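Please find my notes on this model below.

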Amino acid sequence: MSKAKKQRIVYKQDGKAKAAELEEFLFGVGGNPLSIFDREKEEAEETVAELVTQASRRGRLVHDSDIFFQDTRGAVGSGSSDDSSSSEEEEGQEDEEEEGDDGKQKDATDAKGREMEMEEEEDGEQLQEKAAGRNGVGARKGRTAAASSRGGAGGRGKSGRRVPVWNDPDDVNLRMDVAGTARLRKLRTSEKQTTMDGVEYEAALRRQHQILNPRTSWAKKTAAGGDEDEAAALLARAGGLVERPVGQLLPAGQIETSRLKDANQHQPNDSVVQSVRFHPNGQVLFTAGLDKKLRLFQVDGLRNPLIQALHFDDMPITHAEFAGVSSGSSDAAAAAAAADRVVLAGRRPYFYVYDMGAARVERVLGPAGCPQKSLEIFAVSPPGTASRSPSSDPLVAFTGDGGFIPLVSLRSRQWVANLKMSGNVRALAFSHDGVELFSTGDDGVVHVWDLRTRRCRLAFNDTGNIGDASTIALSADGRFIATGAKSGVVNVYQRGQVEAAAARAAASGGGGGGRPFGPVSVTPDRELMHLTTTVDTLVFSPDSQMLVMASHDKRNSLRLVHLPSLTVFANWPTSGSPLHYVHCADFSPNCGMLTIGNARGRALLYRLHHYQQA
């Protein structure tokens, strides 16, 4: 490339004219001293502003070496004569010729430098191609990397996709043993494949990541139809933000889960975790156990910081529940605000109530109307249900001796009444609206109590129960009833079928008051026999689509049931899931998290990816 010719600006002025103008100014003839610098523009002469404008139009910057000045004006004020001005003008012409010669030499030097730089760049590209590999693929990758580095990041290929800024040429020569490593075998496309190069290994990892994390389908662009208006297109793009994930139907067969940081990682229990519960607002979780401590954590799935820890000197905690005594609206927000207390009990004739708002612990003696040696098994009416029935009161129901069920008010801390069933009580559960109480015992009969009249409304035989009932649970929507036994069998009933059987028995000549004379026989929808030891944990999800059943007598004895199909998820838990001996479990209010308390003192936390909200 030839360098652009340098521009020169030459200032010329006659010495006599300058002397005359200076004399007129000094002796008051009326001359203007600024007229010394006023002159007419000569031919082939350009001003500095014009040079800058021309350089900007050509798209390059103006450098000091592009423009140089030559002043041939004579000295003003110290002896202005023709000899001095002519000698100075000759000296200026000589300087101009020397600068011209220097400029030519500089142009030649710059041209040689550019030629050497181009030769060095070509030699560098050849060395890079040789270092990339002996095969053609490595050479092509080296040229692509060099071109992309010269062109800058973010370039696009022929297909319109962004090309990598840099490719490692050693990826082609890399060999990964995918058959010898157990965790890499799933990346193979066939069982005969033993090794992969770097490019194939990267593509296999990307495929596996997309299989394990397919949760970005809502972000994919869909082609809008010709008749689709702007509002419909907006909803199609923002569907994952406006729809409610809880209302989606959970598919059967497999469930996608991932393990998070333990809920109590900042302070694990020193013994068995007997109880773990999510607060109705979904942000707080507590753990309680035989180490006599209640711990509250803020659950976010990442850090799960500890909020508070309380120590009860005289009571190892066997069971704890959130409870509320304030009344208000029956919506979810009011229920979350009402759950401001924690009820704790153990093998003692008293229990504790912890007020989280006031940070006060209250010790409550056992019911005076029904003295008990132990209050370790109890059930609490759901928070916020007191406002749904004006006559109802937030209650705690305990399992008593001889078939008695003492009821204690959470507002007054006083004994309210006793319920009496035929056999010994083993388990209790309140209905979702807090109006009814379900109880089961060693007589093999499930009793349904109306808490407004405090009478047994109906009873039905638990199929297969030979007096070994261990637990009972009700779904949040009131559709399902689940009972567990010491044999490991879990029976799932539909509430509608139980009510229909009781109505038929009452119509066919039952007892007085429109009630059946005795327990009715109901066939369960499903008998789940996946456990072989005593079932002591039954927990329904808030959306009534899942059921957790577990036993603490056998290691890793936990199953997750899909309620719409009444089948067990086959892919989780796996043989590698570190569940240990499970003692308790609970779902978050939005069903996006599942926590499991085990005998190691850890509250495991799992993310259920079907639900977008945790």
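**Notes on a helix and its charged neighbours**

1. The face of α9 that points away from its buried side carries R504 and A507, which are exposed. Here exposed means over 50% relative accessible area, buried under 20%, and partly exposed in between (1.4 Å probe, protein chains only). Helices (H or I, at least four residues) and strands (E, at least two) are DSSP runs, numbered from the N terminus.

2. On the basis of the work: this is a predicted model, in which local features need pLDDT of at least 70 and side-chain atom pairs count only at pLDDT 80 or more, while totals for chains, interfaces and linings use all residues. Residues are numbered from 1 along each chain as its sequence is written, and side-chain values use heavy atoms, with hydrogens and water left out.

3. Which residues of α9 are buried? They are R495, V498, A501 and A502. These residues lie on the same side of α9, because they cover an arc of only 130° around the axis; the arc is that of the directions from the helix axis to the C-beta atoms. An α-helix has 3.6 residues a turn, so residues three or four places apart point the same way.

4. The buried residues of α9 pack against β19, β21 (455-461), β23 (480-485), β24 (490-494) and β25 (520-521). Contact means heavy atoms within 4.5 Å.

5. The model has 18 salt bridges, each being a side-chain nitrogen of Lys or Arg within 4 Å of a carboxyl oxygen of Asp or Glu. One of them joins E362 to R413, with the closest N and O atoms 3.2 Å apart. E362 is in strand β13 (residues 360-365) and R413 in the loop between β16 (404-409) and β17 (415-420), so this pair links distant parts of the chain, 51 residues apart. E362 is partly exposed at 29% relative accessibility, whereas R413 is buried at 17%.

6. D442 and R426 form a salt bridge in which the closest N and O atoms are 3.7 Å apart. D442 lies in the loop between β19 (436-441) and β20 (445-450) and R426 in strand β18 (residues 425-430), so the pair ties together parts 16 residues apart in sequence. D442 is partly exposed at 27%, and R426 is partly exposed at 33%.

7. D450 and R452 meet in a salt bridge at 3.3 Å, N to O. D450 is buried at 12% relative accessibility, while R452 is exposed at 53%.
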